[in-house]
Amino acid sequence: MGKITGFMEFQRQEESYLPPATRLKNYAEFVIPLTNEQAKIQGARCMDCGIPFCNNGCPVNNIIPDWNDLVYRGNYREALDTLHSTNNFPEFTGRICPAPCESACTLGISEDPVGIKSIEHKIIDEGWEHGWVVPQPPSKQTGKKVAVVGSGPAGLAAAQQLARAGHAVTVFEKADRVGGLLRYGIPDFKMEKSHIDRRVKQMEAEGVTFRTSVLIGKDFPANVNNWAKETIFPEDLQKDFDAVVLAGGSESPRDLPVPGRELKGVHFAMDFLPQQNKVNAGDKVKDQIKATGKHVVVIGGGDTGSDCVGTSNRHGAASVTQFELMPMPPEHENKPLVWPYWPTKLRTSSSHEEGCERDWAVATKRLEGKGGKVEKLIACRVEWKDGKMAEVPNSEFEMKADLVFLAMGFVSPVATILDAFAVDKDARGNAKASTDGDGCYKTSAAKVFAAGDMRRGQSLVVWAIREGRQCARAVDEFLMGSSELPR
């Protein structure tokens, strides 16, 4: 390592934020990246630990110690090449990945872990700034055609890898722009969409064709966004292409089956968040859901709920409250017990810091209102014993609610798409496809593969990238008999 004693000499330094009063005025990113000198010092904290558990803690197996050392030495160009060797889109992960690698950091056993995510963010920003991120078209074409259904991180990763292997790749997206939930789910203040746009330009220069507003399948459900203007049946896709990759998201939202669910003002999070993304892109949205001046209740304590909090505050909500069914986690994890795995602990997002009341172990019993419009939420306290939930006696309470957002996660991919391809499903409703042995990522349908949330269920952007890359290798092997793409 560049600085053998760096972990003893330097403290962890986080990326800083613009103050809430400033960032709430717009939807722009507000993270202030590390300076070159700060990044050098943070890179110096990486230990010569012998076994870098961070590599395995990272789903794409980033070669983290190597590029930490290169940043310490000021060699950003080589650091970028090392980073890109395992991760197609570090500008995505450097912004919205929760960094499981840092939970696995050896230094984190006794001290603050290395700031891996902030260094990754710095490397890719330097790469774009200096013009080092350029198209990598293949040296020859194979004559094989691959269709990728879905343009989220899994689909984009698979498409880029397959195009670089020389295949003619077409990506189909039912939305009007490329990006999947990166585009229409992640708020712009967490990741501006220009990061997607410039990757699309790079991929087009590498030979990838994008077809937006095209739905693959039949009988699409009403509770999932669909802005398609054209429909292609699966059998036509299988006939026209040598292989098909299903890389859509896990888009079927978990509902709240309580009295009053039908009242106006009760919405899935994904009814709300994509609208603001479209407005930020300059589109006109009819009947946009606005939180301005309203008392907002967000049900669900995860990232999607946090995104509803941040967006509601930017609308100028009168109040924002977030409920979570599970108990409040501890403020600090028991490191000797959980390291190097992802710990359960209290996590406070930048959106929470902007203004939000949070409450745990709360269950919604019913929603009430007048004239068909929600006005209040009736809830109760719950306790958990042996994995079972029970209502706390005499704990019922009510809360004013003009808007209620359901952000309780997603249960599965859209079943009608898998059914249209006649793909076998696992017990959770995902596309059934193994990641081991022969037929890796291959579904039960001829020539059809699956990757990302559509195969593994709702997960992280970094897992989607990993699956897209590995699925691309499996498709390449299927088409050519062998593959030089990385595993």
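A: Happy to. Let's start with a charged pair: the side chains of E368 and K376 meet in a salt bridge, at 3.6 Å from N to O. A salt bridge here is a side-chain nitrogen of Lys or Arg within 4 Å of a carboxyl oxygen of Asp or Glu.

Q: Are E368 and K376 buried, exposed or partly exposed?
A: E368 is partly exposed, with a relative accessible area of 27%, and K376 is partly exposed at 26%. Buried means under 20% relative accessible area, exposed means over 50%, and partly exposed is in between (1.4 Å probe, protein chains only).

Q: Which residues are joined into one network with them?
A: Salt bridges that share partners link K365, R366, E368, K376, E391, E396 and E398.

Q: Before we go on, what kind of model is this?
A: This is a predicted model, where local features need pLDDT of at least 70 and side-chain atom pairs count only at pLDDT 80 or more, while totals for chains, interfaces and linings use all residues. Residues are numbered from 1 along each chain as its sequence is written, and side-chain values use heavy atoms, leaving out hydrogens and water.

Q: How many salt bridges does the whole structure have?
A: A search finds 35. One of them joins K278 and D176, with the closest N and O atoms 2.8 Å apart. K278 is in helix α13 and D176 in the loop between β4 and α11, so the pair ties together parts that are 102 residues apart in sequence. K278 is buried at 10% relative accessible area, whereas D176 is partly exposed at 28%.

Q: What about R95, which residue does it form a salt bridge with?
A: R95 pairs with D125, the closest N and O atoms being 3.4 Å apart. R95 lies in helix α7 and D125 in helix α9, so this pair connects parts 30 residues apart in sequence. Both R95 and D125 are buried.

Q: You keep naming helices and strands. How are they defined?
A: They are DSSP runs, numbered from the N terminus: helices are H or I with at least four residues, and strands are E with at least two.

Q: OK, sheets next. What is the strand order in the one with β3?
A: That open sheet of five strands runs β5-β4-β3-β8-β20, with parallel pairing. Two strands pair if DSSP finds at least two bridges between them. β5 and β20 stand at the edges with a single partner strand each, so one side of each has no neighbour in the sheet. The twist averages 20° from one strand to the next.

Q: How many bridges join β3 to β4 and to β8?
A: Five bridges join β3 to β4, and K145 stands opposite A168 there. Four bridges join β3 to β8, with V146 opposite A243.

Q: Which helix packs on that sheet?
A: Helix α10 does, touching β3, β4, β5 and β8, and its direction makes about 165° with that of β4. Contact means heavy atoms within 4.5 Å. Axes are lines fitted to C-alpha atoms, for helices over the stretch in contact, and angles run from 0 to 180 degrees between N-to-C directions.

Q: Switching topic: is N68 buried or exposed?
A: N68 is buried, with a relative accessible area of 0%. N68 lies in helix α5, and leaving aside neighbours within four places in sequence, N68 is in contact with G43, C46, V114 and I119.
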